[in-house]
Amino acid sequence: MKMFLTVFRNEIGRIFSLRPVFSVVVLAAAVYALFYPQPYLNEALRRVPIAVVDQDRTQTSRELARLVDATSDVAVARVLPDVPTAEREVYDRSIFGILLIPQHFERDLLHGRSSPIALYADASYFLMYQRMNGAVTAVSRTLGTNFEIARLVGLGVDPPVAAAVTDPMPFIPVPLFNPQGGYATYILPAAFVLILQQTLLIGVGLLGTLPGAQVIWTGTARRRVSDLAFESIATVAGKLLAYLAIHALIVATYLIGLPYLYGIPRLGSVATILAFAVPFTLAVGGLGLVVAATFRNPLAVQLVFAAIGLPFFFLAGFAWPAEVMPAPVRLLSQLLPSTLAIDGLVDVAQLGASLSDVHREFLGLWLLVAVYACIAVIIEFIRRRRAPLPVPG
Amino acid sequence: MQRRDRQQPGFPLVFWRELAWLRRRPLLLMLTVVVPLGLMLLLTAILSAGIATRLPIAVLDLDGSELSRSVIRAVDATPDTATVLHVAELSEGRHLIVARKIRGLLMLPRNLERDVFAGRRPEVVLFYNTQTFTVGNLVLRGVNSAIPTVAAGIRISLRTAEGQPVEEAQAAITPIPLQTHALFNSTLNYVHFLLAALLPAVLQTVVVTTMAYAVGIDVETRHRFAILRRLGGGLLPAMFGKMLPYTILFLSMLGIADFVLFKYLELPLRGDPAVLVIAGIVFVLACQFIGALLALLLRPVAAAVSIATLLTAPAFGFMGIGFPRLGMNAFAYGYGELLPGTWYLIARIDQTIRGTPLDLSWKPVLVLTGLVAVLISLTAIRVRIMRRSVPERAA
């Protein structure tokens, strides 16, 4: 117990006294909290500029263009004479789509014929494509339905019957969670978990590789295996709890404070979120100890983990569905605390899941804690066996 | 190389010394070869499917009629979605969505068929999860394309029942059909959209941080800095001799990634390969000099590497692939403007999937070239200032 407390105190002291560690665990976490969310703070992509090529130049074609411009997703930025001119503007990125209204658009409509229009939408940026396609599809359907109803009514059909004939089985999509489809609401809860993992992982990796990471002895010079084992366990436990203590405030800020600050809806209870964060932090700390033993050089830890965040994010199966990843990749992803933690924490915080709903992730994280802590204990044990005897006094 | 001691100081001497370092220092070799290749391979494996198909959804069929079964069949037949199971009540479906066993729940109300043909307009509801953005949108797209198809069949049959000819009914039900053409990436393939952008983004972080380290260990002390300058026989040759081995290595990594993309993942190359290569060279140079400049400005090396990581690790979001720059606030837009990756990705998208005409292709390349020129000037100024602070005897 004495050993455990010594290690615990020593590790906390080192986190604050070693500048690189403090920078990564505390300062970097603070900077990322402000810096990372910037691109997404507007939540939605609005008024994607498109051009209209109106070859009809009638009241109805202008009405169609006006309705498209009135949607929040798309803005008619230009009216251009022909498609090749408009295509050049797309290549120039001044517009991202072309709405072509062919000649005789109005005449065909009035004659009861099918009167097609075409949208050429830039699909090199999927979100823009989706916005343009969604807005123009909705407008063409609404306008088309109005014409169809008007025609039927003109033929003497009752308006309610006409409405039923034009839309007999309305389709109502109901987005559960993040109903506005906000981009910040989508990406930030997951990204925050990943930032927590990255900063703590590098921080622990640095702690284990910077000077001062030497073995702490209880003072006795006995080298019995049982003593060594006991000391190793106490050391790893002391370190992990030190990380948990230091990280508690940061985790609470990232999982509760920041979402509140950025206006991200939270359905889950604070207690459940924090309960879930415990095994996550311990698992990352355990992995950090293994990382430190693997790399042994603080610069190597910093450099190797600098660019790894992006692959880790996609590995989590959040931005890209895990169902379609190759099996070995999915297996690998399960070894990272972030994969289970993003699933679990997003479910708890954003979807309002209870601990029993996410018990698979919760237990999985505890399993990772056990695995990484065991490896760390074994490494510590080997190190102690090889270490020279402490000089008494 | 063995007779380095007899070589004249100059660019080749520094160049060969750097290559010898790369051979002797496993960390440097790991950072320039193993890490970028490993990370790019991992990303490629993750996204290799390119298109997510047959996402599982569940059905709550309260009607059990011929019509409800045809709706289910239609939803199952779209490439996006697959109806994998039936649930008995809404709460069960919600539970499965939260547990990510299913990605959506389609609810077909009681008496659907009877009400449809009686003109009561019963609603078909899809519950889906927008918290997982991409997947939620794909599920919506799938169901949203299937239901109108079934509805169109009903509308035609309602009209033909009234004695309208089939062709006339078909034309009448969609007065304004919309033909959407997805320009440049017609299959909406995530490999060509996302992976092709992620690989240079990872490389950007690797290049900037590695250069901060590689230059950092040479300028950390005044003594080493002086040695480097003397070996180079001047500042400029020393600087370029130091940088060039890495330029070659990182360009090779980019080349390997592109080879895999073009050869195996069928990324189209519709533009000018020369422009793509030039853009790649200036991109790598710009990243290199950002790292070098950080190493010259910040000490110790660890601090330079930390700041390099801080600046580039979150950069992907700022480069406007997932969430376009058009929708960003002024700060994010401005920061994106300063990243070499933003401009390289524009050039890359132009020359690969877009096939932008040559006269419209130069802007990102010119911006990158300007960025490199500015960075080289800043580096030269910084090195000159440092030389003044080096004592004469060391030089």
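Two strands pair if DSSP finds at least two bridges between them. Strands here (E, at least two residues) and helices (H or I, at least four) are DSSP runs, numbered from the N terminus. The structure is a predicted model, in which local features need pLDDT of at least 70, side-chain atom pairs count only at pLDDT 80 or more, and totals for chains, interfaces and linings use all residues. Residues are numbered from 1 along each chain as its sequence is written, while chains are lettered from A and ligands numbered from 1 in the order in which they are written.

Strand S4 (residues 117-122) of chain A pairs with strand S5 (residues 178-183) of chain B. The two run parallel and are joined by six bridges. A:Asp122 has B:Leu183 in S5(B) as its bridge partner.

The interface involves 97 residues of chain A and 96 residues of chain B in contact (C-beta atoms, placed from the backbone, within 7 Å). On the chain B side, helix H6 (residues 133-161) gives the most, with 13 residues. By class, this side has 65 nonpolar, 25 polar and six charged residues.

Chain A is divided into domain 1 (2-40 + 183-386) and domain 2 (48-166). These bounds come from an automatic or database domain assignment. The C-alpha centres of the two domains lie 51 Å apart.

The model scores ipTM 0.88 and pTM 0.89. Chain B averages a pLDDT (the predictor's confidence in each residue, from 0 to 100) of 87. In chain B, 96% of the residues score at least 70. Confidence in chain B is highest in helix H11 (residues 273-297), at a mean of 94, and lowest in helix H9 (residues 222-232), at 77.

Note on methods. Two residues are in contact if their C-beta atoms, placed from the backbone, lie within 7 Å. Ala, Val, Leu, Ile, Met, Phe, Trp, Tyr, Cys and Pro count as nonpolar, Asp, Glu, Lys and Arg as charged, and the others, Gly among them, as polar.
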